[in-house]
Amino acid sequence: IRKMMTYNPEERITATEAYNHPWVNNCAPIEVDPSQALEVLKNLKGFNGKAKLQKAAMMFIVTHLMTKQERDKLKEIFLALDKNADGKITYSELASGYSQFLGNAIADSRELKDVLEEVKANKNKGIKYSDFLIAAANKTKLLTLKNIRQAFDVFDVNKSGYILPSDVEMVLGAGKELDEEVWNKIVEEVDTNGDGKISYPEFESHMMKYLRSVSYTHLTLPTTPYV
């Protein structure tokens, strides 16, 4: 703040330097739009990181096909929830964060408790930022047929029209020494006809099934003021 108020313009920091200063990024309070926080809560319901190919496809869509503005909004909410700045949101941080954002009315709701139970059951003991982006993204908006096709093309490394275990290994296994059976099992999750490879119709069906499985609850903001 002193640097911003320096009389000599040559010594005064610019607006960009002030915005990117560590105090602003790490210490300044983060304001969260309650309606955006509510939307994220709805999308978090159904958090599941078990399906590896599905998760990887969603990560591609979120990082490459979601707009920067949309990612920035989710990042703001993640940073506001991650109180100790360790890169993941725990059960207690999610509970206290939503109590702060939306008041006790939402804190006592069945919907939040359902989300908390899913987070609590997560083996990683919290939600990492990459998982948060996938879980909190608006699936209805992102899982269009065009985006699903682009994700399929990323995994179809050899452009054969199919995703083979070797393709999955090339995309997900960089720098990892894992048994071939690992990649076979990932393909088996999606390979409905058992031919050992994933066609585009199988991939599309898998992603659309994921979309249908996501529960969008009809939450409303509390009418009482929140702090």
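At 1% relative accessibility, Ala151 counts as buried (under 20% relative accessible area; exposed is over 50%, partly exposed in between; 1.4 Å probe, protein chains only). This is a predicted model: local features need pLDDT of at least 70, side-chain atom pairs count only at pLDDT 80 or more, and totals for chains, interfaces and linings use all residues. Residues are numbered from 1 along each chain as its sequence is written, and side-chain values use heavy atoms, with hydrogens and water left out.

User: In which helix is Ala151 found?
Analyst: Helices are DSSP runs of H or I with at least four residues, strands are E runs of at least two, and both are numbered from the N terminus. The protein chain has 14 helices and four strands. Ala151 is found in helix α11.

User: Which residues does Ala151 touch, not counting residues up to four places away in sequence?
Analyst: Contact means heavy atoms within 4.5 Å. Ala151 and His64 are 87 residues apart in sequence, yet 9.7 Å apart in space, C-alpha to C-alpha. The residues that Ala151 touches are Ala57, Phe60, Ile61 and Phe203.

User: Are α5 and α9 parallel or oblique to each other?
Analyst: Axes are lines fitted to C-alpha atoms, for helices over the stretch in contact, and angles run from 0 to 180 degrees between N-to-C directions. The axes of α5 (residues 68-81) and α9 (residues 129-136) come within 10 Å and cross at roughly 125°. Under 35 degrees counts as roughly parallel, over 145 as roughly antiparallel, 65 to 115 as roughly perpendicular, and the rest as oblique. The two helices, α5 and α9, are therefore oblique.

User: How many nonpolar residues does the contact of α5 with α9 have?
Analyst: Helix α5 contributes Arg71, Leu74, Lys75, Ile77, Phe78 and Leu81, and α9 contributes Tyr129, Phe132, Leu133 and Ala136. Ala, Val, Leu, Ile, Met, Phe, Trp, Tyr, Cys and Pro count as nonpolar, Asp, Glu, Lys and Arg as charged, and the others, Gly among them, as polar. The contact has no polar residues, two charged, and nonpolar residues numbering eight.
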